[in-house]
Amino acid sequence: MSSEAAALASRATSVGGDLAQFDYALPPDRIAQEPAETRDAARLLVLDRRSGALQDTHVSDLGRFLRAGDCLVVNDTRVLPARLLGRIVGTERDVELLLLHPIGPAAEDWAALLRPARRCPAGTTVVLAEGAARATVTHREDLGQARVRLEGTGPVEAFLEAHGLPPLPPYIRRYRKPGGEDWARYQTVYARRPGAVAAPTAGLHFTAELLARLETRGVELHRVTLHVGPGTFRPVRAERVADHRVDAERFEVSETTAAAVSRARREGRRVVAVGTTTVRTLETVARPDGSVAPGAGWTDLTIVPGHAFRVVDALLTNFHLPRSSLLLLVSAFAGRERVLGAYAHAVAAGYRFYSYGDAMLIADGIGP
């Protein structure tokens, strides 16, 4: 084990190395199946990271807790309608493909998730779009992931726009039904760079009007990109927190955003991250002095309790699954006991959980 890994393991163990310590009870009826009537009508639980104080309010009131000069950073990835329904050639068996990202130089070769994977060994061909296209499994990997070769799709993004469905997570029971309002609502209003297979859900709460009000108050808005990958759907399998690693995801931080965030850090202004994906992106490119570097590539940065945050001062996030990598990240930022205490309050107060659920703002010194 490297010295860095050993230090991480020591810190994680000191604050709760057993994954079971990041479990909590959630009644099934708290899992949101539909988005709020309007995006910013969702409830907002405000957690003061310094005192542990809680406030119940709404996302539309977010401006009460942000200051002029705050640097609000969002993830502008755009979710691809990457879920395709098909049928295995020569059978009546249905199968779902979730296209993840292209592989190698050939535009028709893609990484994909298969459901159910047991029906699709290497060599299986799946008919798509009522026979207009096909996908052949060329290689099977673990956890339902595979490589497929597409035929007859033409440009893949255009094909997905015509025939794909929103890749809603499996705990939303409309997962196997065609889109409806999900075409618009499972997408942030500022999404512009296609490539994600899951939404950066904290950003779903913003309206154009809310963003305009925040900017009028002097809040700066800046963007990074992290294309959310299949790891979002996967539970943490390690029993020890220090053994967990997230899947790599593609990111990009522009020179403009890097300069703005670095300037905010130098001037003592807060960097407010919208969502765990934004946190991971900023912390990936963090320098030792808290400034950030522009860059692009793949990040597998795994943030667990004990992580020393260099950039992010405040976090807007949704309520996450028990034992999940996202809950580990939030606990790293605010402390396990305070986060689980806030979650217990949210359950008792009827907050809605997960992708279409309510939100939580965590920052220092935001008491009444």
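A cavity is a set of grid points where a 1.4 Å probe fits but cannot get out. With that rule, this predicted model has one cavity of 30 Å³ or more.

**Confidence**

How far can each part be trusted? The protein averages a pLDDT of 90. A score of at least 70 is reached by 92% of the residues.

**The cavity**

The largest cavity holds about 80 Å³ of space. Which residues line the largest cavity? Pro35, Ala36, Arg39 and Ala42 do. So do Arg185, Leu204 and His205. Arg352, Ser355, Tyr356 and Gly357 complete the lining. By class, this lining has five nonpolar, three polar and three charged residues.

**Two helices in contact**

Helix 7 covers residues 325-334, and helix 8 covers residues 336-348. At what angle do helix 7 and helix 8 pack? The angle is about 115°. Their axes lie 7 Å apart.

Helix 7 brings Leu327, Val330, Ser331 and Ala334 to the contact. Helix 8 meets them with Arg336, Arg338, Val339, Leu340 and Tyr343. Six residues in this contact are nonpolar, one is polar and two are charged.

Notes
Residues are numbered from 1 along each chain as its sequence is written. This is a predicted model: local features need pLDDT of at least 70, side-chain atom pairs count only at pLDDT 80 or more; totals for chains, interfaces and linings use all residues. Side-chain values use heavy atoms; hydrogens and water are left out. pLDDT is the predictor's confidence in each residue, from 0 to 100. On a 1 Å grid over the protein atoms alone, a cavity is a set of points where a 1.4 Å probe fits but cannot get out, and a pocket is an open set with protein on both sides within 12 Å along at least five of seven lines; lining residues have an atom within 4 Å of a point. Grid points are joined across faces, edges and corners, and a volume is the space filled by probe spheres set on the points. Ala, Val, Leu, Ile, Met, Phe, Trp, Tyr, Cys and Pro count as nonpolar, Asp, Glu, Lys and Arg as charged, and the others, Gly among them, as polar. Axes are lines fitted to C-alpha atoms, for helices over the stretch in contact, and angles run from 0 to 180 degrees between N-to-C directions. Helices (H or I, at least four residues) and strands (E, at least two) are DSSP runs, numbered from the N terminus. Contact means heavy atoms within 4.5 Å.
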